[in-house]
Amino acid sequence: LNNARLVVADTNIPAESLQWLAANCKAPLFVDPVSTAKAVKLQPVLGRLHTLKPNRIEAELLSGVAITDEASLRAAADALLATGLHRVFISLGGDGVFAADRSGERVHLPVLPAEMVNTTGCGDAFMAAITWAYLAGTDLTGTAKAGLAASAIAMEGAETINPAMSAEALKLRAGL
């Protein structure tokens, strides 16, 4: 794992495994909380993660901040970053994504136009895209756009993994 450029995990694995990864993995660790029930596993290790992709409810749980408006959204992101996280992408469903990093950059982007066929896999596509964008050296805004583009492409396919998904399609949709 330490030879990897980054490691992606979610909270479907045991809390002990997440703690081991956080303590021993030298590569940047990207994590999707998956659900509020499973997100609690991340509380002891938040500061050792690089990137977190919670939805609004998971962000509230992990930050301790009720998200009711743009100011509280920023406060939740700031609370998460204060743990030591490098970046956070808070998925807001139909309200897009709020992304923030330790440098102080903040961006709230709307969802991209897409025909909803099947939402299964949209979150996984978002996570894969932000990972891909990070490895490509994309900035925070471009990374968030890549995630939104992947979600839009995923949503337009009847299958769990839309066969139309590709790096080229993602770049075109994201405007990268």
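In this predicted model, Glu-156 is partly exposed, its relative accessible area being 29%. The side chain of Glu-156 meets that of Arg-173 in a salt bridge, with an N to O distance of 2.7 Å. Because Glu-156 lies in the loop between helix H6 (140-155) and helix H7 (167-174), while Arg-173 belongs to helix H7, the pair ties together parts that are 17 residues apart in sequence. Arg-173 is likewise partly exposed, with a relative accessible area of 28%.

A search of the whole structure finds four salt bridges, among them the contact between Lys-53 and Asp-32, whose closest N and O atoms are 3.5 Å apart. Lys-53 is found in the loop between strand S3 (51-52) and helix H3 (56-63), and Asp-32 in strand S2 (residues 29-32), so that this pair links parts 21 residues apart in sequence. Both Lys-53 and Asp-32 are buried.

Another salt bridge joins Asp-95 to Arg-56, the closest N and O atoms being 3.2 Å apart. Since Asp-95 sits in the loop between strand S4 (87-91) and strand S5 (97-101), and Arg-56 in helix H3, the pair ties together parts that are 39 residues apart in sequence. Asp-95 is partly exposed at a relative accessible area of 48%, and Arg-56, at 28% relative accessibility, also counts as partly exposed.

The buried residues of H5 are Cys-122, Ala-125, Phe-126, Met-127, Ala-129, Ile-130, Thr-131 and Ala-133. Just after H5, Gly-137 adopts a positive phi of about 80°.

Technical notes: Residues are numbered from 1 along each chain as its sequence is written. This is a predicted model: local features need pLDDT of at least 70, side-chain atom pairs count only at pLDDT 80 or more; totals for chains, interfaces and linings use all residues. Side-chain values use heavy atoms; hydrogens and water are left out. Buried means under 20% relative accessible area, exposed over 50%, partly exposed in between (1.4 Å probe, protein chains only). Helices (H or I, at least four residues) and strands (E, at least two) are DSSP runs, numbered from the N terminus.
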